[in-house]
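Have the sequence and the 3D view ready as you read.

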Amino acid sequence: MASKNSSKEKSIGVVGMGSFGTSIANILAEKSKVIAYARRPEVVDEINTLHKVEGLPINEKIIATHDPEYLCKSCDTIFFMIPSAGFQEVVRLFSPYLYPYHIVIHGTKGLCLNLPKGKTLEEVGTISRSNILTMSEVILKETVVIRVGCLAGPNLAKEMYEGQPAATVVASKFNEVILEGQRLLRTDKFQVYGNSDIIGVELSGVLKNIIAIAAGALAGLGLGENAKGLLVSRGMVELVYLGNAMGGSVKSFIGLAGIGDLVATCNSTLSRNFTVGYRLAKGESLEEIMNSMEEVAEGINTVRLMKAFVEGTNMRAPITENLYKVLFGDLKIEEALQYLMKYPFSVDVDFL
């Protein structure tokens with residue numbers, strides 16, 4: 001095993017320099033040297049020569065590399081900030097260079113499908129919990145890393161980049177991962193909370209994207225705050241039920257990573273998921289929207305997976321099920337909303 005130097009001397013790794021990865025790299029660079037991995041050589045050059053990403057200035061203490069081995073040897077703590085669609089592939093790329101002494105914290109709000117080789121979601125139809133991996137489960141499955149954490153919360157990348165006040169949750173089963181995340185990330189304008197329920201925190205960040213798409217659709221239809229209040233509160237209940245069925249605790253869903261993130265993304269034109277719903281309600285097709293977005297709206301894939309999960313477990317998740325029909329079928333947004341207004345919820349909250 002490679003020798004472990006004091007983490008204070010070492011650089012901190014950031015894998016993926018999309019908008020969220022760049023914001024986190026900037027925050028980390030306030031206290032530490034940062035080595036960032038980018039897939040595209042032109043992004044590496046732009047960071048190293050101009051100290052910019054996609055034209056936006058970044059901290060000069062951030063250096064970039066295209067070499068996974070160099071990053072893993074130089075850093076004991078690594079933040080993985082990759083969209084879920086490419087997450088497994090990138091983790092596999094890094095896997096040969098990761099050791100049990102590494103701490104890996106991810107910031108990806110998505111799920112990964114775990115099916116028998118050669119099978120697709122369409123072929124299997126319904127899925128169970130064992131067919132769905134959270135990102136921490138992907139890291140544990142693909143690498144020898146033991147100490148895994150995740151970042152979640154109302155972290156809209158544009159506001160973080162601008163240095164506006166914000167907070168996040170570092171979740172891990174290992175207290176030392178939480179403490180390391182807090183030490184590295186906490187600043188005067190960025191508060192970092194800890195949570196030991198990593199699955200609940202991951203699922204909070206994932207499932208709220210479904211409700212954010214629906215909230216965007218509501219705004220796109222020009223409906224008011226009362227309707228949004230209904231959607232967000234019913235969405236919260238659905239999020240808790242789905243999250244519980246997937247192994248998360250209620251406490252995590254009513255914290256910063258759950259309700260905090262839900263409120264932020266259901267009210268924000270900066271949220272990619274909100275934007276998808278808004279544009280759908282304005283008459284664009286899902287294909288048109290996806291083709292014109294620079295970064296992935298994670299909620300689209302989440303709706304697909306959770307609809308298949310709900311069917312496999314005989315649960316009801318009316319918002320998720322109807323959103324699936326809007327995104328992938330031919331249900332009109334207005335009809336889906338009518339259905340939700342009439343859905344026979346008789347009890348307000350029955351999970352506390």
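What follows covers the pockets, the cavities and a residue marked in a UniProt record. Keep in mind that this is a predicted model.

## The largest pocket

Start with the largest pocket, which has a volume of about 1600 Å³. A total of 49 residues line this pocket, and those nearest its centre are Gly18, Ser19, Phe20, Arg272 and Glu295. If you want to find the pocket by its helices, look for α1 (19-29), α4 (84-94), α7 (157-161), α9, α12 (256-265) and α13 (272-281), the elements that each give two or more residues to the lining.

What is the lining made of, by class? The count comes to 20 nonpolar, 16 polar and 13 charged residues.

## The second largest pocket

Next up is the second largest pocket, at about 350 Å³. Its lining has 17 residues, with Ser84, Ala85, Val296, Glu298 and Asn301 lying nearest the centre. Two or more lining residues come from each of α4, β8 (111-113) and α15 (299-313). Of the elements here, α15 gives the most, with 4 residues.

Sorted by class, this pocket's lining holds 11 nonpolar, 3 polar and 3 charged residues.

How many cavities of 30 Å³ or more turn up in a search of the whole structure? There are 2 of them. The largest cavity holds about 120 Å³ of space, and the elements that give two or more residues to its lining are α9 (198-220), α16 (318-328) and α17 (333-342). Among the residues around this cavity are Ala214, Leu218, Ile319, Val326, Ala336 and Leu340, and Asn322 is there as well. The lining has 11 nonpolar residues, 1 polar residue and no charged ones.

## The marked residue, Lys208

Which residue carries the "active site" feature in UniProt? An unreviewed UniProt entry puts that feature at Lys208.

Is Lys208 buried or exposed? Lys208 counts as buried because its relative accessibility is 2%, and the cut-off for buried is under 20%. Leaving aside residues up to four places away in sequence, Lys208 touches Lys109, Leu203, Leu239, Asp261, Leu262 and Thr265.

## The domain in the record

The unreviewed UniProt entry also places a domain, "Glycerol-3-phosphate dehydrogenase NAD-dependent C-terminal", at residues 197-337. How much helix and strand does the chain have over residues 197-337? The stretch is 75% helix and 0% strand. From one end to the other, its C-alpha atoms are 33 Å apart.

Key: Residues are numbered from 1 along each chain as its sequence is written. This is a predicted model: local features need pLDDT of at least 70, side-chain atom pairs count only at pLDDT 80 or more; totals for chains, interfaces and linings use all residues. Side-chain values use heavy atoms; hydrogens and water are left out. On a 1 Å grid over the protein atoms alone, a cavity is a set of points where a 1.4 Å probe fits but cannot get out, and a pocket is an open set with protein on both sides within 12 Å along at least five of seven lines; lining residues have an atom within 4 Å of a point. Grid points are joined across faces, edges and corners, and a volume is the space filled by probe spheres set on the points. Ala, Val, Leu, Ile, Met, Phe, Trp, Tyr, Cys and Pro count as nonpolar, Asp, Glu, Lys and Arg as charged, and the others, Gly among them, as polar. UniProt positions are given in the numbering used here, feature names are shortened, and annotations may be inferred rather than shown by experiment. Buried means under 20% relative accessible area, exposed over 50%, partly exposed in between (1.4 Å probe, protein chains only). Contact means heavy atoms within 4.5 Å.
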